[in-house]
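I opened a notebook page for this model and went through its chains. The entries below follow the order in which I looked things up.

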Amino acid sequence: MFEAVLDGLILVVQWPAIGYLFLGVMLGMFFGAVPGLSGLTGMAILLPFTFGMGPGPAFAFLLGMYAVTTTADTLSSVLLGVPGTAASQATILDGYPLAMKGEAARALGAAYTVSMIGGVLGAVFLALSIPLVRPLILSFAEPEFFMLAILGLTMVGSLSGGSIYKGLATACFGLLLSMVGYAEFGGIPRYWFGFNYLLDGLPLIPVVLGLFALPELIDLASRGSSISRVADTGSGMMDGVRDAARHWWLGLRCTAIGVYIGMLPGLGGSIVDWVAYGHAVQSAKDKSMFGKGDIRGVIAPEAANNAMKGGALLPTIAFAIPGSASMAILLGAFLIQGLEPGPRMLTERLDVSFSLVWTLAIANILGAGLLLAWGKQVAKVTFLPGHYLVPAVVLFVFMGAWMAGSSVGDWISLLLFGLMGWVMKQGGWPRPPLVLGYILGKIMENGLQIGVQTQGWGMLTRPITIIIMVLVVLTLVAAVRRHARDRRADGNYPQGGDAAGNNSAVSVPFALLLLAVFIYAAAAAIPWRPAARLFPLVAALPAIPMMLVALSRDWRRLKALRAAGPSAVSGDDSLRRGAIFYGWLLAILLGTLLIGQYLALLAFVLLYLWLWARASWLTMSVYTVACGTFLYVLFELLVPVIWYESPFFDLFG
Amino acid sequence: MARAARYILSAAIAGTFAVTATIPASAQFYKGKTLSVIINYGPGGNTDIQGRALLRFMNDHIPGKPRTVVKNMPGAGGIVGTNYLVEAAKRDGSVMGIFTIAIMGELLADPALRVSHKDLVYIGAIGQQQIAHVRKDVKPGVTGWKDFLKVTEVFKSAGHAPTSSKDISIKLTLGLLGIKYKHVTGFKSAGPIRRALLQNEVQYTEDSLTGFYAAVYPTLIKPGISVPLWHTGVPTKDGGLRHAPTVDKSIPTFLEVYKARHGANAKPSGHAWQIYRKLAQTRQFLRILILPPGAPKAATAALREAWKKTTTDKGYLAEYKKQNNSELEPLIGEEAQEVISDVLTISPDLRKFLQTLAKG
């Protein structure tokens, strides 16, 4: 065993493997930092380059890149409020508010420290788990996944801010969204309205970018000030490192959460940060700062999303069961290398398995070390005037959404969910439960459908299912008691990033719309086959009374405000400016249909700087040319996309 | 754009020298252009890995060596990509598809599939046999395909969707053999089915040759958990099936197993057998290289020629063998175009039988 550990290390540190590892880490930081690219894109692009390499350099290259994407993705999550990858969605809830308080460097310092420790511990855990892997992985089947997803849903209570009814209703809406598309077990398409785009369901990235990134962008453009609302506080990366040390126990718990979730193929990386964040909120005594810039809200997801990768490797190498698309590509790399994934990887090719562990550990140290060295400088972006950031961030967000499927549908989703996210933020509707419901819905439905087919309702009496069920009940009881206590203590609500709004004039129409959606969804599901209609009904029907409660509360509040006078209802000028800016974003879509995507984006940059930011001609010219060059180099040469061309002329052949 | 300037320059030079009249249009078609390649399954799957590998070699044989950009468009068992290619993709030869054919969608008249495979322009195809396998501990124990005919336990088979060709094939073959089973469907991909097999939640399924040798063999067959039973077989003109040259001799065709069950002279017939034959035919062009309807003839000719050359490229053949543990079974575009029309012709009562089978 010890010999295999050493042989694995030699495979990684010998030339040229170590060179490829370093190159992979550099590329991984790029794929993680640019929203929409992610480790999956990196894997798909780098895989062909491993043809002809030996196993050592090939895996050092691929895994070196993959290991650090969830370290680098923190940059845009914290600095811009734009999730760098799906695994850093929850980081923005407290990371971005910290940036707004001028403490971006502190947030980055804490995130990189726990990312490094989480990544290395994840690798160590992977090494230690090799002998135990079989019973561990094989004891979780569809019934257990179903119950785990329900346990995940209990996090809604922690992520709902002040209104549990609104939280539950948006979680139900998320569940419904997860049912858009082709229902495999029913053999019918659901809620697709004849759009080919919706047959495969709504893609996660445009939805998340819309819900979280666009509202912040609208806010930034409306305000025109820098992201940080205060002058440089002088907080540095080392403050964050100290925070990470102070909250070591939370970091360790979230590392364990990350490893276990990674190890269970089927749960996926997009859930890990939410579970860790939910755990941080649930286990905290003082929750009042969550959503307003609590460093624990950064530490928890960032420790978990790096640790998850060590866990995810196990089922892939030991059973050829990839838990994610990235791991499926890694499985492809095994084939290309002529290696057989399977139990023999843990006996006869243990050296190669350990080389993967070493690669993960070294890449995590290298990636986090480099980012810690640069972070302070990069964090200065939060003190730049907002108007100079907005055009560049719009490019990132729109191209990030485009990477999901290179379809106009991705931009329509982005804009629709952007509008929804903005309205929800203004109206005090929590957004995290929606994403949680959306991610967990598919796992729950699949787990229940297959579980019932293989086990009947006896699936609920399996030992692990019962244990998880008990945990669900305990969590619910604790949540109800805590909620009641917090209501009495007033103000100890975790805000889930939605502290800003509670505008009933916005909330009431939104609630009415959502209510109509639930009624339609339930009515549309009734004629479907039982297997296909069960879940839509389970999601839509309970949401209707919750909506009515939330609606009546908002209605009463609106009436009280009306009684106080018209100025109390109409809100401030930011709503009007926000609506105008949203129109600008809509114009990018319409412009694309006329002059093609590349020119439409550049036209937006130019016009925004001219009319909105009132920039000088020199600034406008240099900025627009720089954006044009950036788009061309990145998305035409380095990570080629299929551009949407004008119906009248072609730019990209 | 520099690229646009290059095109203009190329066009000007080409115009100046009227020698183009002596060069076939297909030889110049892709020069300086981008070829977008749609793959109708997600990254990392068999279609994706095979598609990207063949593109690497095929690109060298396309005259003008265009730049290729790959885009995965998964969903609804390959239907999303198929709809897109016919309904929305440019028809100027700049978009090609490398698909796993969504044949069942069309035979079943699935409402989600809005286009016909007959309308596509075929560049070529790759055949892939399917192999059925079962856990050895199904009572009273299975050490080979002959034992499987004596099983007494009602085992569980696993598939992806009632309308997927894997599910249909499982129901047809087990039905034709008269073996009792319970079918479980809804598994997103082959990975979760392998997990369920390891966990003994299900006991039986089918996998394509690539998946079988790449993942099933090392995790289930070699460790002694499951055994291979039969492979689809290649349809012959006399209505039978012959052994596929790509499959190990020890794994019989389904027809051999059928005869062992029902007698050496037994000849399968009826709706179930007709559908099975169609499935077996489809296996000859499981992965298809296609252009949207109305694609320019020069593009079709250039790509068909490139595919022909790729099928004899030693580098590609070696890569294919490494990834699939079997030889390449290629089909050239014109052949594929012919066979597919035949497979897609289905009588109303045969379609009704198939729809009932999918629902059941």
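Where in chain A is Pro16(A) found? I found Pro16(A) in the loop between helix 1 and helix 2 of chain A; helices here are DSSP runs of H or I with at least four residues, strands are E runs of at least two, and both are numbered from the N terminus.

I noted the provenance before going on. The model is predicted, so I kept to its limits: local features need pLDDT of at least 70, side-chain atom pairs count only at pLDDT 80 or more, and totals for chains, interfaces and linings use all residues. Residues are numbered from 1 along each chain as its sequence is written, and chains are lettered from A and ligands numbered from 1 in the order in which they are written.

Entry: helices 1 and 2 of chain A. The axes of helix 1 (residues 2-13) and helix 2 (residues 17-33) of chain A come within 5 Å and cross at roughly 70°. Axes are lines fitted to C-alpha atoms, for helices over the stretch in contact, and angles run from 0 to 180 degrees between N-to-C directions. That makes helix 1 of chain A roughly perpendicular to helix 2 of chain A (65 to 115 degrees; under 35 is roughly parallel, over 145 roughly antiparallel, the rest oblique). Leu11(A), Val12(A) and Val13(A) of helix 1 of chain A meet Ala17(A), Ile18(A) and Leu21(A) of helix 2 of chain A, contact being C-beta atoms, placed from the backbone, within 7 Å. I classed the contact residues as six nonpolar, no polar and no charged. Nonpolar covers Ala, Val, Leu, Ile, Met, Phe, Trp, Tyr, Cys and Pro, charged covers Asp, Glu, Lys and Arg, and the others, Gly among them, are polar.

Entry: helices 3 and 17 of chain A. Helix 3 (residues 38-46) and helix 17 (residues 325-336) of chain A pack at about 20°, axes 9 Å apart. That makes helix 3 of chain A roughly parallel to helix 17 of chain A. The contact takes Gly39(A), Leu40(A), Met43(A) and Ala44(A) from helix 3 of chain A, and Ala325(A), Ser326(A), Ile329(A) and Leu330(A) from helix 17 of chain A.

Entry: strand 4 of chain B. I checked strand 4 (residues 121-126) of chain B for burial, and six of its six residues are buried (20 or more other C-beta atoms within 10 Å; 12 or fewer is exposed, in between partly exposed; C-beta atoms placed from the backbone). Five bridges join strand 4 to strand 12 (residues 287-291) of chain B, antiparallel, and Ile126(B) has Arg287(B) as its bridge partner. Strand 4 of chain B also pairs with strand 13 (residues 330-332) of chain B over three bridges, in the antiparallel sense; pairing needs at least two DSSP bridges.

Entry: backbone exceptions in chain B. Most residues other than glycine have a negative phi, and most peptide bonds are trans. I found a cis peptide bond between Lys139(B) and Pro140(B), omega about 5°. Ala76(B) has a positive phi of about 50° and is buried, with 27 other C-beta atoms within 10 Å. Asn200(B) has a positive phi near 65° and counts as partly exposed, with 16 C-beta neighbours inside 10 Å.

Conventions. Two residues are in contact if their C-beta atoms, placed from the backbone, lie within 7 Å.
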